[in-house]
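Hi,

Here is the structure I promised to pass on.

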Amino acid sequence: MVDNPLEQLSVDALRRRTSLKWRTYPPDVLPLWVAEMDVLPAEPVAAVLRQALELGDTGYPSGARAYAETLAGFARRRWGWDGVDVDSAQIVPDVMLGIVEVLKLVTEPGSSVVVNTPVYPPFFAFTEHADRRVVGAPLGTDGRIDVAALEAAFRDTAPAAFLLANPHNPTGAVHTVDELVAVAALAREYGVRVIVDEIHAPLVLPGATFTPYLSVDGTEDAFVVTSASKAWNLPGVKAALAIAGTAGADDLRRMPEEVSHGPSHFGVLAHTAAYTDGEPWLDALLAGLAANRKLVGRLLAEHLPTVGYTPPGGTYLAWLDCRPLGFGDDATPGAVADVAGPARAFLDQSQVALSSGHAFGPGGGGHVRLNFATSQAILTEAVTRMGRVLP
């Protein structure tokens, strides 16, 4: 039995960390912004890294196959899906850099790439830095895929690719089979290649069911890029996998060899251990996240009752509609660390750092994204502080 990983670290211990989440803001600020979890590593992950250090096993990664085989086993056990093509899977530095490399394989410079807005800010920045043009297909008011808006974007802009987050970041929507079937049908009709970020796939909470995109009929020429980074809190030990449907395997085989130089050997070891032996830890984490999801709702009802909150089906991210608070509606995409509107008010007046909604693109203004992968004590203190912005 694994104890709740979210309840093992004090604020004092967390403030000794040197990563982005805990070093960006002053010590009086509670950081609930960037997607790092306040947890210790799963013991199987820690053990494999300790052993590597003890052996001096600090060289180059030795390939993708073992990593891909462990992902295939995890997908089989967790989702009943046996479709990971181990032979064509390619190791990439991380999910976003992997997405860029896949875009380079199947689109030309200047091509249009559709995203569902509001969406994870790097979808804009990384795509544009790769000399592709981002086209938005707005989500519905329920934070889910709007099939009509997606078809309009496909029809009107003739995009080469569609970049999908499954589950969606920031709304936490876990796409249903019907939604994914609709996406696949539109992609076939309009000749659009689909690239799916499934980094949050293991983080699906009670009430929702994850469906791997490549398990849906009609996705043979699509791609998935994923890793254990979010589910086991491994963003600092980088390694990810690009996986193709049967008709996309030859495209992946054209991946330049030098791309495999980006992942770290420690990353491959850690992610492989997570998928192989990390499920008991993950199950304990999911129980803790489910409890925290409920706590967010209770705390908001008590301290910020006018703020809109739809409990996410997946991720550990709460997308909060703060427009009723009247702090502005700046909807211009920007860098992740930019703070505007309600996020600025919560930072300045409550000393709570949240992700600013405007960075997620059109539809994000007036919102904040709150990371609830922390202890209930920190979460309670943070939302209580946030309530102090009210007159």
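Below is what I found in it, taken region by region.

A quick word on the source: this is a predicted model, so local features need pLDDT of at least 70 and side-chain atom pairs count only at pLDDT 80 or more, while totals for chains, interfaces and linings use all residues. Residues are numbered from 1 along each chain as its sequence is written, and side-chain values use heavy atoms, with hydrogens and water left out.

Let's start with the two sheets. Two strands count as paired if DSSP finds at least two bridges between them. Strands (E, at least two residues) and helices (H or I, at least four) are DSSP runs, numbered from the N terminus. Phe 162 stands opposite Val 194 in β6.

Another open sheet has four strands in the order β9-β10-β13-β12, and its pairing is antiparallel. Why is one side of β9 (308-309) and of β12 (355-356) left without a neighbour in the sheet? Both stand at the edges, so each has a single partner strand. Five bridges link β10 (residues 317-321) to β13 (residues 367-371), and Leu 320 has Val 368 in β13 as its bridge partner. Helix α12 (residues 341-350) lies across β12 and β13, at about 55° to β13 (axes are lines fitted to C-alpha atoms, for helices over the stretch in contact, and angles run from 0 to 180 degrees between N-to-C directions).

Now for the inside. A nonpolar core here is a set of buried Ala, Val, Leu, Ile, Met, Phe, Trp, Tyr and Cys residues joined through side-chain atoms within 4.5 Å. Buried means under 20% relative accessible area, exposed over 50%, and partly exposed in between (1.4 Å probe, protein chains only). The largest core has 101 residues, and Leu 320 and Leu 370 are among those with the most contacts inside it. Helix α11 (residues 279-303) gives the largest share, nine residues. A second, separate core of 27 residues includes Met 96 and Phe 123.

Next, the aromatic rings. Rings of Phe, Tyr and Trp (its six-membered ring) pair if their centres lie within 6.5 Å; planes under 30 degrees apart are stacked, over 60 edge-to-face, and the rest tilted. That rule gives eleven aromatic pairs. Phe 154 and Phe 162 are edge-to-face, 5.7 Å centre to centre with 75° between the planes. Phe 154 is buried at 1% relative accessibility, and Phe 162 is buried at 0%. Trp 319 and Phe 360 are also edge-to-face, at 5.2 Å and 65°. Trp 319 is in β10 and Phe 360 in the loop between β12 and β13, 41 residues apart.

Last, find His 265 in helix α10 (residues 265-277). Is His 265 buried or exposed? His 265 is buried, with a relative accessible area of 11%. Its side chain makes a polar contact of 3.0 Å with that of Asp 57 (a pair of N or O atoms within 3.5 Å; within protein, one must be able to donate a hydrogen and the other to accept it, and residues adjacent in sequence count only if both atoms are side-chain atoms). The C-alpha atoms of His 265 and Gly 59 are separated by 6.5 Å, though these residues are 206 apart along the chain.

Cheers

Definitions and conventions:
Contact = heavy atoms within 4.5 Å.
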